[in-house]
Amino acid sequence: MSLEGEKVILVPYMRAHVERYHQWMEDPSLLEATASEPLTLEEEYQMHLSWTLDPNKQTFIVLDKDMIRGGFVEGEPRVEAMAGDVNIYMNDPDDLRVAEIEIMIAEQKSRGKGLGKEAVLMMMAFVINKFDIQRFRAKIGESNVASLNLFRKLGFEEVSRSDIFKEVTLELEVKLNHEEQLKGIRDLTTRHDGN
C-alpha cells in the first residue's frame with residue numbers, strides 16, 4: 001500500500017531501495033543527524049528485513065513526486081525518486097498507543113520543499129487511523145535544528161533533554177481538535193490499491 005500527497009508518495013521500504021538507502025547512510029552528516037551507526041551493505045539488507053517483519057514498525061520511503069519519471073504505478077519502488085524515509089516505532093511495551101516518529105530527507109535537491117512536513121503529517125494520519133495512536137514522540141539530536149523546527153511547527157512540545165545523548169524529546173498528544181488539523185492532509189492523501 002502506498003500513500004499519495006501533493007508533493008510526496010510514501011511507499012513501503014522494499015529490497016530495491018536498500019542500495020540507495022545505504023549510499024545515503026555513508027554520509028557522515030546524515031549518520032550524525034539520524035544518530036545512526038554505519039552499516040555494511042549486507043547489514044543494511046538484514047536491517048531492512050528486520051524492519052519489514054516487525055509489526056511494531058512502519059517504514060515508508062518518501063518519493064519526491066517531482067522526480068518520478070513516467071507516472072507512478074503501485075508496487076514499483078521508483079528508486080530514481082527516493083528522497084528519504086519516514087518511520088514509526090511503537091516500541092513502548094507499556095503503551096502501544098505511543099509512537100516514536102522519525103523523518104529523513106536525504107536528497108539535497110529534495111530539501112526545503114516541504115516534503116518532510118507532508119510526509120510526517122501523512123504518516124501521523126495513517127497510524128492514527130490504523131493503530132489508534134494517542135501520542136507521538138520524536139527524539140532529535142540537539143544539533144539537528146531543521147528537524148527540531150519542523151516538529152515544533154507541527155505542535156510538538158519539548159518534554160525532556162538528555163545532556164548525555166545530546167538529544168531533545170518532543171511529544172504531541174492526539175486530541176479531538178488535532179483530528180481536525182490532520183483532516184486537511186487526510187483529504188489530500190489517497191490510498192493506492194492498484195485500481
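Q: Given that buried means under 20% relative accessible area, exposed over 50%, and partly exposed in between (1.4 Å probe, protein chains only), which exposed residues does the face of α5 turned away from its buried side carry?

A: The model is predicted, so to speak of local features requires pLDDT of at least 70 and side-chain atom pairs count only at pLDDT 80 or more, while totals for chains, interfaces and linings use all residues. Residues are numbered from 1 along each chain as its sequence is written, and side-chain values use heavy atoms, with hydrogens and water left out. Helices (H or I, at least four residues) and strands (E, at least two) are DSSP runs numbered from the N terminus. On α5, the face turned away from the buried side carries the exposed residues Ala146 and Lys153.

Q: Which residues of helix α5 are buried, and why do they line one face of the helix?

A: In α5 (residues 145-153), the buried residues are Ser147, Leu148, Leu150 and Phe151. Viewed down the axis of α5, they fall within an arc of 160°, so they line one face of the helix; the arc is that of the directions from the helix axis to the C-beta atoms.

Q: What do the buried residues of α5 pack against?

A: Contact means heavy atoms within 4.5 Å. The partners of the buried residues of α5 are β5 (98-105), α4 (115-131), β6 (135-141) and β8 (167-173). After α5 comes Gly155, with a positive phi near 100°.

Q: How many residues has the largest nonpolar core?

A: In soluble globular proteins, nonpolar side chains tend to be buried together. A nonpolar core is a set of buried Ala, Val, Leu, Ile, Met, Phe, Trp, Tyr and Cys residues joined through side-chain atoms within 4.5 Å. Here the largest one has 36 residues, and those with the most contacts inside it include Phe151 and Phe156. α4 gives the most to this core, with 10 residues. A second, separate core of 22 residues includes Ile9, Met25, Leu63 and Tyr89.

Q: Is Thr59 buried or exposed, and which side chain does its own side chain meet in a polar contact?

A: Thr59, in strand β3 (residues 57-64), counts as buried because its relative accessibility is 12%. A polar contact is a pair of N or O atoms within 3.5 Å; within protein, one must be able to donate a hydrogen and the other to accept it, and residues adjacent in sequence count only if both atoms are side-chain atoms. The side chain of Thr59 makes such a contact with that of Asn87 (3.1 Å).
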